[in-house]
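Here are my notes on the model you asked me to look over.

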Amino acid sequence: MNKMTPAVRILLVVNVALFLLDRVIPYKLTEILGLYLPVNEKFAVWQYLTGMFMHHGVMHLIINMAGLFFFGCIVERALGSKRFVTLYFLAGIGSGLIYTLVQSYEYSAGVALVSAIEALGSSSQALSGNEIYQKTVYTLSRMYRTEVVGASGALYGVIVAIAMRYPNAKVPFKFIPFPIVAKYFVLGLISIDLVLQLSGFSPFGRFMVAHSAHLGGAFTGFLVMLYWRYRLPKHLEQS
C-alpha cells in the first residue's frame, strides 16, 4: 500500500522538474506561469493551470509534494487514476478562480477606499501621514505584484476527497502523538484558513498565503466528490 501510484508519480516529477528548471534558466518561470490578478498586465487565462505547478521555495515545494504523496496516493487508489487527475486539476483550477474572485473584490474595495481619501482633497503631506491610506496603498501594491503559485489548492481538494470517502479514517502525523479522524482534520484545516482569510492575519509574517485559494480548492473538491456520489455513484467504486 506504500507504493507510489502512477498519476501521483507523474505530478511529483512535473512539479519538481519545473521547480529545478526555474532555478537554472535566466528568467523566473514563476513570473510567467504564476497566477496574477486580472488587473495586472501579466495575467493570462492559462495561469489557472500552470500556477499550480510552480513553487516559490524549497520548503513550499517539499510541503506540497509530501502532502501530494501522502494524500494523493490514497485518493488515486480509491477513485482510480483518471478520476484522481480530474479531481486534482478541477480543484486546482477552481482554487485559482475563487482566489481571483475574492482578491479582485478586495482589490476593488481597496482602490475605492484610496480614491475616496484622495477625493477629500488631502495634501500629499497629509496622505503620507494617513496610516489607513498608506497601509491600503501598500496592500494594493502587494496584491497587484504578487503571483500565486503552488499545488496547495489542488491538494486541498484531494484532502477533502479523503474526508468524504473515508470520513472516520484516522490520519497519522509524525509531529502529533495521536491520529486525527479525517473529517475532523479537514474541518480544522478549513476553519483555520477561513479565520485567517477573514481576519487578514498571517502567521507567516511577510510571506503571503492565499487562504482563499485553499478554501477554493477545498470547495471545488467537495463539489466534484458530491457530484460523483449522487450523479455517478458507480464510478466511485472503480479503483
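1. Going from the N terminus, the order of elements is α-α-α-α-α-α-α-α-β-β-α-α. That comes to 10 helices and 2 strands.

2. A word on provenance. This is a predicted model, where local features need pLDDT of at least 70 and side-chain atom pairs count only at pLDDT 80 or more, while totals for chains, interfaces and linings use all residues. Residues are numbered from 1 along each chain as its sequence is written, and side-chain values use heavy atoms, with hydrogens and water left out.

3. Now the overall numbers. Of the protein's 239 residues, 43% count as buried; buried means under 20% relative accessible area, exposed means over 50%, and partly exposed is in between (1.4 Å probe, protein chains only). A contact means heavy atoms within 4.5 Å. Taking contacts with a separation of 6 or more, 74% come from residues 24 or more positions apart.

4. Have a look at α8. This helix has 14 residues and reaches 20 Å from its first C-alpha to its last, close to the 20 Å expected at 1.5 Å a residue (the expected span is 1.5 Å times one less than the number of residues). Because 13 of its 14 residues are buried, α8 is largely enclosed by the rest of the structure.

5. How do α8 and α10 pack? Helix α8 (residues 152–165) and helix α10 (residues 211–231) meet at an angle of about 40°, with their axes 7 Å apart. Axes are lines fitted to C-alpha atoms, for helices over the stretch in contact, and angles run from 0 to 180 degrees between N-to-C directions. That angle makes α8 oblique to α10; under 35 degrees counts as roughly parallel, over 145 as roughly antiparallel, 65 to 115 as roughly perpendicular, and the rest as oblique.

6. By class, the contact of α8 with α10 splits into 9 nonpolar, 6 polar and 1 charged. For the classes, Ala, Val, Leu, Ile, Met, Phe, Trp, Tyr, Cys and Pro count as nonpolar, Asp, Glu, Lys and Arg as charged, and the others, Gly among them, as polar.

7. α8 also packs against helix α9 (residues 182–199), at an angle of about 145° and with the axes 8 Å apart. This crossing of α8 and α9 is left-handed. Y156, I159, V160, I162 and A163 of α8 meet A182, K183, F185, V186, L189, I190 and D193 of α9. The contact of α8 with α9 has 10 nonpolar residues, no polar ones and 2 charged.

8. Next, α5 and α7. Helix α5 (residues 81–119) and helix α7 (residues 131–145) pack at about 145°, axes 10 Å apart, and their crossing is left-handed. Among the α5 residues involved are Q103, E106 and Y107, and among those of α7 are I132, Y133 and T136. The contact of α5 with α7 has 11 nonpolar, 3 polar and 2 charged residues.

9. Q197 is worth a click. Q197 sits in helix α9 and is buried, with a relative accessible area of 17%. Beyond four places in sequence, Q197 touches V102, Q103, E106, H211, S212 and L215. Q197 and H211 are 14 residues apart in sequence and 5.6 Å apart in space, C-alpha to C-alpha.

10. Is C73 buried or exposed? C73 is buried, at a relative accessible area of 3%, and its place is in helix α4 (residues 58–79). Its C-alpha is 6.3 Å from that of M4, though C73 and M4 are 69 residues apart in sequence.

11. Finally, a loop residue. P179 lies in the loop between β1 (170–171) and β2 (180–181) and is partly exposed, with a relative accessible area of 41%.

Methods. Helices (H or I, at least four residues) and strands (E, at least two) are DSSP runs, numbered from the N terminus. A crossing is left-handed if the near helix is turned anticlockwise from the far one by less than a right angle, and right-handed if clockwise.
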